[in-house]
Amino acid sequence: NQSLEAHRKASATAEIMRNLRAITEQIDADFRGWRTAIAFVWNSANNINADSVAFFSDGGFQTVRADYSGQSLRGNMAAICYAQAAEPNVFTAEPAKKILCRRVQVFTAERTGLSDPPDFDRDEYRPENSLASWVVKFYDIADTNLAGAEQYLMQIAERPVIDSNHPDYMHTIMCKGVDDFQIQFNGYHLYDPNHSQFDSNGELMWRPRDAAQPTVSDLKQYNIYALKFSFTLYDSKGIFKQGKRFSHIVYLRER
């Protein structure tokens, strides 16, 4: 029995570590191409976090499936979002069944032969006149307040819908068994010479903490230096009932 239990735990640990590597390596790859535009939505209830982040990134991107005109699109710029799926419910569902998603919308200025995407749940590309116009829309909507940022995220990065009966809704799935997904940032305050990135113990100070969530206006006062992703991973067999908690820090290149 002890040998069998040890084997089960070893197998569950290996599964969790595979998922951890998949998540962190993808986050690192996406943020290596990060541009200045970024927006957050912080959600929490019942001591559970379900945060989201959307940003623009350089790189090599391709739609997972053919678009609605029968084409597969490639591009070197995309809007990327990390968020948990809308279902199962991010606050009340069994943690092991919750899904972390990665949505990518490839930028294209080429409209010839492209049909307009039917809805943002399934969009893998974004036809815009120019990248600049897309970024302007980002800031126009996100500038005012947090509610404005959420309106923007409703368009580009709302919680993905996962429907196994419709393959078009499946391409955003990244990992199952991800709970309490929290995003924090560290950065220099642009207008406060006494501001410090570190707390009294000399550790990096991560925001938001227990205080009120910062608004978009608050965020614009920071030169964001690093992001901290914290989450709990669960194995598919339910060996670790409480899951395993991890944090991953991404240091952004200076702008």
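Let me begin with helix 1, whose 31 residues should span 45 Å at 1.5 Å a residue; the end C-alpha atoms are 44 Å apart, which agrees. The expected span is 1.5 Å times one less than the number of residues. Helices here are DSSP runs of H or I with at least four residues, strands are runs of E with at least two, and both are numbered from the N terminus.

A word on the source: this is a predicted model, in which local features need pLDDT of at least 70 and side-chain atom pairs count only at pLDDT 80 or more, while totals for chains, interfaces and linings use all residues. Residues are numbered from 1 along each chain as its sequence is written, and side-chain values use heavy atoms, with hydrogens and water left out.

Which residues of helix 1 are buried? They are Ala 12, Glu 15, Ile 16, Leu 20, Ile 23, Thr 24, Ile 27, Asp 30 and Phe 31. Buried means under 20% relative accessible area, exposed over 50%, and partly exposed in between, with a 1.4 Å probe and protein chains only.

I turn now to the salt bridges, of which the structure holds 4. The term denotes a side-chain nitrogen of Lys or Arg within 4 Å of a carboxyl oxygen of Asp or Glu.

Asp 30 pairs in this way with Arg 102, with 2.8 Å between the closest N and O atoms. The partners belong to distant parts of the chain, 72 residues apart: Asp 30 is in helix 1 (residues 2-32) and Arg 102 in strand 6 (residues 99-108). Asp 30 has 3% relative accessibility and therefore counts as buried.

A salt bridge also joins Asp 179 to Lys 98, the closest N and O atoms being 2.6 Å apart. Because Asp 179 lies in strand 9 (residues 178-189) and Lys 98 in the loop between strand 5 (74-84) and strand 6, this pair ties together parts that are 81 residues apart in sequence. Both Asp 179 and Lys 98 are buried.

Arg 245 and Asp 180 meet through their side chains in a salt bridge of 3.3 Å, N to O. Arg 245 is in strand 11 (residues 244-251) and Asp 180 in strand 9, so the pair ties together parts that are 65 residues apart in sequence.
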